[in-house]
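Hi there,

I'm passing a structure on to you, and I'd like you to have a look at it.

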Amino acid sequence: VTDFPFASVTLDPSPNDVLDERVFAALRQLQRADRPDIVRRTIGLYLDSAPHLLEELREGAISRDVAALGRASHTLKSNSANVGAIRLAARCNELETLARSGMVAEACALVHGVIEDFSTANAELSEQLKKAA
Amino acid sequence: MPYSSRRSTPLILVVDDDEMQRFLCREALETSGFEIVEASDGAAALAAFGEVEPDLVLLDVVMPEIDGFATCRAIRALPNGSTTPILMATGLDDIQSIELSYEAGATDFISKPINWALLPHRVRNALRADDLLNNFILSEKMLAEAQRIAAVGNFRWSPTNRTIRWSVEAARIFGDENCSRPQSMRSIFRRIPVAERARVKRAFRQARHGKVIEFDLPIVLPSDETRYVSLRAELACAKNGESFVHGPLQDITDRKRIELALEVARDEAQAADTAKTAFLAAMSHEFRTPLNAIIGFAELIANQAFGQIANERYLAFSQNIITRVSVCWTQLRMC
């Protein structure tokens with residue numbers, strides 16, 4: 001399990017790490033001469049889709065819609081894990097679990113934390129994007 | 001005869017509502033020699049499945065509208081969808097989803113977040129297992145067909161639990177419609193005529209101690225039909241250390257019937273030959289005396305019995321008699 005780049009997402013969330021470098025190493029392994037920009041395109045896709053998902057979370061919290069919170073947090077969790085944003089992914093996992101268990105108040109309270117974690121991850125990913133370019 | 005009937009570049013249908021997930025699946029699999037078709041929801045997946053007939057489906061569990069489980073069940077219900085490998089992408093610790101995936105008919109699951117370096121190996125492994133399974137099913141079919149044509153089956157006798165398991169054709173030969181159910185040795189013996197049972201029991205006892213046995217025996221089916229079976233068996237050992245006796249058996253009823261018919265025909269021919277010899281011996285004996293007399297008198301008539309005119313008149317007649325009787329005599333001697 002320790003060799004698995006994303007194991008920390010669910011098994012050992014480490015709140016101090018914003019990005020997991022091993023995830024980028026794994027993505028870079030997929031790159032070929034004719035496909036040189038996988039890292040850049042992955043981050044690009046993530047940054048394109050994340051604002052929409054965050055908006056769904058905000059609206060879900062306002063309307064106290066656990067189904068919407070569950071869906072959006074699930075997708076944001078997967079996508080965040082794919083770009084190595086492990087702290088954000090762990091927080092989304094927590095939110096998804098609360099939402100799927102119907103714990104509305106606790107889930108809504110966590111949305112703010114998710115948005116904060118995203119801003120931190122966003123800043124670091126933008127740095128990565130510059131490096132990859 | 002291992003072979004793969006799939007395309008040289010296996011086609012993978014990637015089903016995920018998330019664009020980034022589909023993008024990464026495509027990147028990871030295309031670089032490893034797979035062709036990708038994408039579907040962003042369950043309905044699109046079902047349409048694409050029918051259209052492209054993929055070699056494998058990579059299916060996300062959590063999707064809006066039709067989720068991964070329902071999509072998996074729907075694919076299984078499609079023509080050609082019952083055996084295509086389906087890998088479901090589930091959370092690493094989501095045991096419930098993993099169980100539901102298997103219940104929905106998934107072949108296997110792959111944990112999310114997906115390890116992109118591992119994904120092509122998992123896909124290739126699932127395809128290889130599918131090839132092996134398909135080859136196995138094909139071999140089973142071909143063997144069953146060959147056994148049906150040759151009226152050959154095979155059986156396996158387990159001495160410890162005193163049961164026999166057999167192939168479809170072996171079951172048919174013994175008049176048993178349900179080959180999947182093990183038969184008790186006692187019920188099998190009831191189909192062997194009483195006079196043969198001791199011989200068969202002795203042979204199986206020898207087989208249990210390592211001797212290769214080979215013999216023919218008659219069996220009587222529940223329908224009272226008699227069949228003849230040729231059987232060969234030897235001892236083998238299962239992985240758990242349990243020994244069993246197994247081998248092929250063949251329905252030789254037709255051959256046996258022809259053999260019996262030939263034996264009857266041969267006996268009849270021999271009897272007819274004997275009767276003919278006896279008849280001809282008696283006939284030649286009975287005819288010899290009168291025929292000699294006829295020949296003698298005919299010669300006498302020809303030579304001296306009548307005058308010149310009569311002599312000419314009866315000469316041809318008497319010579320005719322001599323010729324006919326001589327031919328008749330020769331024919332009798334030749335028989």
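Below is what turned up, beginning with a sheet and moving on to helices and salt bridges.

Please keep in mind that this is a predicted model. In chain B, 6 strands make an open, antiparallel sheet in the order S8-S7-S6-S11-S10-S9. Its edges are S8 (183-184) and S9 (213-220), each of which pairs on one side only. S9(B) is joined to S10(B), residues 226-237, over 8 antiparallel bridges, and Ile219(B) sits opposite Arg227(B) there. Across S6, S9, S10 and S11 of chain B lies helix H8 (residues 194-208), at about 145° to S9(B).

Elsewhere in chain B, helix H1 (residues 19-30) packs on helix H5 (residues 119-150) at about 70°, with the axes 9 Å apart. That angle makes H1(B) roughly perpendicular to H5(B). Cys25(B), Ala28(B) and Leu29(B) of H1(B) meet Leu119(B), Pro120(B) and Val123(B) of H5(B); by class, this contact has 6 nonpolar, no polar and no charged residues.

Over all chains, there are 23 salt bridges. In one of them, the closest N and O atoms of Lys77(A) and Glu96(A) are 2.9 Å apart. This pair links helix H4 to helix H5 of chain A, 19 residues apart, and both Lys77(A) and Glu96(A) are buried.

Another joins Glu38(B) and Arg22(B), at 3.0 Å between the closest N and O atoms. Glu38(B) is in strand S2 and Arg22(B) in helix H1 of chain B, so the bridge ties together parts 16 residues apart in sequence. Glu38(B) is partly exposed at 32%, whereas Arg22(B) is buried at 12%.

Enjoy exploring!

Technical notes. Residues numbered from 1 in each chain as written. Chains lettered and ligands numbered in written order. Predicted model: local features only at pLDDT ≥ 70, side-chain atom pairs only at ≥ 80, totals over all residues. Heavy atoms only, no water. Pairing = 2+ DSSP bridges. Helix = DSSP H or I, 4+ residues; strand = E, 2+ residues; numbered from the N terminus. Contact = heavy atoms within 4.5 Å. Axes fitted to C-alpha atoms, helices over the stretch in contact; angles between N-to-C directions. Parallel < 35°, antiparallel > 145°, perpendicular 65-115°, else oblique. Nonpolar A, V, L, I, M, F, W, Y, C, P; charged D, E, K, R; others polar. Salt bridge = Lys/Arg side-chain N within 4 Å of Asp/Glu carboxyl O. Buried < 20%, exposed > 50% of the residue type's maximum accessible area, 1.4 Å probe, protein only.
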